[in-house]
Amino acid sequence: MIKLYYSPGACSLAPHIVLEELGIAFEPVLVSLKDGEQLKADFLRVNPKARVPALVVDGKLLTENVAILTYLGGGYLSRGLWPKETWKQAEALSLISWLASSVHITFAGIARPERYTADAAAKETVKAQSLITLLKYFAEIEKMLAGKTFAMGGQYTVCDPYLLVFYRWGYRLSLDMKTQFPNWTKHALRVASRPTVKRVFEVEGIKIDG
Ligand SMILES: N[C@@H](CCC(=O)N[C@@H](CS)C(=O)NCC(=O)O)C(=O)O
């Protein structure tokens, strides 16, 4: 029995899409971050870290996108969402680790500057500097996707829905994603056009740009 605790449009969107894509039985469980449900006792009993995604497999908890995506991709290798060759696997791991430890964290500097400083003026500095850093990372993603169908080349992998999470968040920051990041936009539209992704967007009540 697999349960995925998610919040609409949060980084849990990546494993949500992957689970749908794998075609295995799972139960999506809504934890609304905007309503602060991650801090309520019911969810803290599941994940004391108070974050989504939380994947529960046969009663055992797995947190962290890098671990969850690796488990789902590698654990269901025959479904084709994880490279088969060791070098390619390491490359996929390298990408999702960078997304989690650099790109995601930089968003936190913009949306949650209080994690880095209690000083009101310094918060504005953290936000401004984080945006500069984020744009640098977005430019790297844009370059990486040039001439590619998917992040790993021809194969659609768990990396692609994870990239889609941050593409959508670009709109939240009112970035002109289409003009500034045309390669990434093509990639995001390609991923979003998959029937599995459409179904998950519907369940989460989200769109590619909002
Ligand atoms: N490193 C974790 C980050 C998880 C995380 O920060 N999730 C966010 C949603 S994108 C969350 O649950 N935030 C709730 C909060 O900060 O209170 C991962 O990659 O899984």
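Where does Pro53 lie in this protein? Pro53 sits in the loop between helix H2 (41-46) and E3. Helices here are DSSP runs of H or I with at least four residues, strands are runs of E with at least two, and both are numbered from the N terminus.

Two quick housekeeping points, everyone. This is a predicted model, so local features need a pLDDT of at least 70, side-chain atom pairs count only at pLDDT 80 or more, and totals for chains, interfaces and linings use all residues. Residues are numbered from 1 along each chain as its sequence is written.

Okay, back to Pro53. The peptide bond from Val52 to Pro53 is cis, with omega near 5°. Most peptide bonds are trans, and most residues other than glycine have a negative phi. Keep that second part in mind for later.

Now the ligand. Val52 and Pro53 both belong to the residues around the ligand, along with Ala10, Cys11, Leu33, Gln38, Ala50, Arg51, Glu64, Asn65, Ala100 and His104. To be in that group, a residue needs its C-beta atom, placed from the backbone, within 6 Å of the molecule. By class, that shell has seven nonpolar, three polar and two charged residues. In this scheme Ala, Val, Leu, Ile, Met, Phe, Trp, Tyr, Cys and Pro are nonpolar, Asp, Glu, Lys and Arg are charged, and the others, Gly among them, are polar.

Let's zoom out. The protein has nine helices and four strands, and along the sequence they follow the pattern β-α-β-α-β-β-α-α-α-α-α-α-α. The C-alpha atoms fill a box of roughly 50 × 45 × 30 Å along the principal axes. What about the radius of gyration? A compact globule of 210 residues would come out near 17 Å, and the protein has 17 Å, which agrees. That radius is taken over C-alpha atoms, and the globule rule is 2.2 Å times the number of residues to the power 0.38.

How much of the protein counts as buried? The figure is 33% of the 210 residues. Buried means 20 or more other C-beta atoms within 10 Å of a residue's own, exposed means 12 or fewer, and partly exposed is in between, with C-beta atoms placed from the backbone. And of the contacts between residues at least 6 apart in sequence, 62% join residues at least 24 apart. A contact means two C-beta atoms, again placed from the backbone, within 7 Å.

Here's a buried example. Ile17 is in helix H1 (residues 13-22), and it counts as buried because it has 26 C-beta neighbours inside 10 Å. Leaving out residues up to four places away in sequence, Ile17 touches Pro161, Thr196, Val197 and Val200. Ile17 and Asp160 are 143 residues apart along the chain, yet their C-alpha atoms are separated by 9.8 Å.

Next, helix H5. H5 (residues 120-144) has 25 residues and reaches 36 Å from its first C-alpha to its last, close to the 36 Å expected at 1.5 Å a residue. That expected span is 1.5 Å times one less than the number of residues. Ser130, Leu134, Phe138 and Ile141 are buried in H5. An α-helix has 3.6 residues a turn, so residues three or four places apart point the same way. The cover over the buried residues of H5 includes helix H4 (86-111), helix H6 (159-172) and helix H8 (182-192).

Strand E3 (residues 54-57) and strand E4 (residues 60-63) pair in the antiparallel sense over four bridges; pairing needs at least two DSSP bridges between the strands. Val57 is in E3, and its bridge partner in E4 is Lys60. Val57 is partly exposed because it has 16 C-beta neighbours inside 10 Å. Beyond four places in sequence, Val57 touches Ile2 and Leu62.

Asp58 is not a glycine, and with 6 C-beta neighbours inside 10 Å, it counts as exposed.

There's another case. Ser174, in the loop between H6 and helix H7 (177-180), has a positive phi near 60°. Ser174 is exposed too, with 7 other C-beta atoms within 10 Å.

That's my tour, thanks!
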